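The following exercises concern a predicted model.

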Amino acid sequence: MKISTLFYTIRQGFANIFRNKLFSLASIATISACLFLFGLFYAIVMNFQHIVRTAEEGVSVSVFFHYEGEIPDDCKRTHQEQELPTPERMEAIGQLIAARVEVSDVVFVSDDEAWASFGKALFGDNYQDGYTENPLAGEDSYHVYLSDVSMQSALVSWLESIPEVRKVNYSSVTANTLSGVNLLIAYVSVGIIIVLLAVSIFLISNTVAVGISVRKEEISIMKYIGATDFFVRAPFVLEGMLIGLIGAAIPLGVVYSLYNYALNYVTERFEVLSQFLNFLSVEEIFNVLTPVSLVVGVGIGFMGSISTVRKHLKV
Amino acid sequence: MTKKELLRQKREEFIEKNGIICLDNVSKNYSVGAAALNNVSLSIKPGEFVFIVGDSGSGKSTMIKLLLRELTASSGSVYVMGHDLGKLSHRKIPQFRRNLGVVFQDFRLLKDRNVYENVAFAQRIVETPVSEIRRNVPSILATVGLAGKYKSKPRQLSGGEQQRVALARALVNKPSILLADEPTGNLDPNNSWEIMKLLEEINESGTTVLVVTHNSEIVNAMRKRVITLKKGVIVSDEEEGGYIDED
């Protein structure tokens, strides 16, 4: 293909948008509407997931070890039967816990740190008044943070099987609730994506059907004159992709402004809420949404125009 | 001699022997109804001016569609410029059509492009250099008497002017054959004669012209070869013939 033909094709692709203003506007509006809903839904779902994930990151399992002089919780076990961990063994257990896939972080809390934190929370800064010894002596522990709360029960079973472990504190209700919410979000996401896709396909196929009647005569004239399939197809496909690009750029701009506004509004008006709920920044949302929307928009335009032109190439 | 040159030589020999257009026992059946063409055979020599006449349903349009390779024959062979159209692959159809000029009753101009662009379009398809397009298009527009209207859109032109644009577009690539399907069907008598004069001039310059029409006045006045079709069969083929009135 000659360079002049290539430039001509590109020029025609742009010119076609203005030649069929109504069709172009209808196509852009259809793609924009679909991608606007997609963008809005994406921002909401991502924030839900982020909030749940943040909550999950705070869920920890506390692991306590046997120590000398403890009161046994099991009458059958005597002090002699209990395996007391050496500092080296404690460290090795910490490394074993950290190596597990469901674990995101492990923090060692000594009995003194535990008393300082607990005492301060309970009695304030003068918590040591009246205590000569640490009442939590021997209560060294690991706080284990999970990367996936649904795997908490598996982790707890494993931890309980370690002979040096005295008890494992965890909340199965919190873990189950968070896993349930996560699952619900996944189901709702899939459901809404299917509905959105179905609506998009319906709207776009209708727009394409209108496009077919507009283009039918033009394509047949080109073919009668001796235009190759490529020569006929290329400007239409380019036009479709440009329409898709514009159709994707508009809702991106709108969702960007709306999200920014909503974020500022919630942060300023509901300061208390923003202490508990951690929303994603505009950048975090649009780093993914922008390329996805543009690719989807251009893809829809490409597929729509290809199918429109193909039907009329056999002249 | 290369394969391409050999093929061209074979085609030239075929044209010399059988004509630039040759139909050999051609029939065309649509799925419903009687055959549109029934065992039609004819030969048109290079440089001839031929009228194809007949009533509606006689098979005129089917013949044009076969010659354009828009349709393929149900049986028999259609040869145009030495190409056996039954064996022409879909990929080679554009190349074949570039040597044909076509004019339709409804003009079939690109409505959103001006006169210049409509004519230049045919040249862009064959990848003519831009500098040549700039030279050729004004020249052909002058030939059809539309030099001053190159910026006009089709809707701003009369029927006769639109048909001239269609003619200019058909001729700009210097085709060997010009097919005109009812070129005066939408025109008043004055414009019809103007178009026919142009077609005659084009023919005099060496182009084979085939005109499908049912304008008896023009056919009778021009005294050219007339092939008459009736119900898909050739009922007469006369040099310097006239329109056979059914009544």
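**Exercise 1.** Determine the handedness of the crossing of H4(B) and H6(B), and describe how these helices pack.

*Solution.* The crossing of H4(B) and H6(B) is right-handed. Helix H4 of chain B spans residues 115-125 and helix H6 of chain B spans residues 159-171; they pack at an angle of about 25°, with their axes 7 Å apart. Angles under 35 degrees count as roughly parallel, so H4(B) is roughly parallel to H6(B). The contact is formed by Val115(B), Asn118(B), Val119(B) and Ala122(B) from H4(B), together with Val165(B), Ala168(B) and Arg169(B) from H6(B). Sorted by class, the residues of this contact are five nonpolar, one polar and one charged.

**Exercise 2.** State the strand order of the open sheet of four strands in chain B, and identify the edge strands.

*Solution.* The order is E2-E1-E4-E5, with antiparallel pairing. Strand E2 (37-44) and strand E5 (83-84) of chain B pair on one side only, so they are the edge strands. Strand E1 (residues 21-28) of chain B is joined to E2(B) by five bridges, and the two run antiparallel. Leu23(B) stands opposite Leu42(B) of E2(B). Helix H2 (residues 60-67) of chain B packs on the sheet and touches E1, E2 and strand E4 (75-80) of chain B. The direction of H2(B) makes about 120° with that of E1(B).

**Exercise 3.** How many residues of chain A are in contact with chain B?

*Solution.* In chain A, 14 residues are in contact with 16 residues of chain B. Helix H1 (3-19) and helix H6 (172-225) of chain A each supply at least two residues of the side that touches chain B. The residues on that side of chain A comprise seven nonpolar, four polar and three charged.

Definitions and conventions:
Residues are numbered from 1 along each chain as its sequence is written. Chains are lettered from A and ligands numbered from 1 in the order in which they are written. This is a predicted model: local features need pLDDT of at least 70, side-chain atom pairs count only at pLDDT 80 or more; totals for chains, interfaces and linings use all residues. Two residues are in contact if their C-beta atoms, placed from the backbone, lie within 7 Å. Ala, Val, Leu, Ile, Met, Phe, Trp, Tyr, Cys and Pro count as nonpolar, Asp, Glu, Lys and Arg as charged, and the others, Gly among them, as polar. Axes are lines fitted to C-alpha atoms, for helices over the stretch in contact, and angles run from 0 to 180 degrees between N-to-C directions. Angles under 35 degrees count as roughly parallel, over 145 as roughly antiparallel, 65 to 115 as roughly perpendicular and the rest as oblique. A crossing is left-handed if the near helix is turned anticlockwise from the far one by less than a right angle, and right-handed if clockwise.
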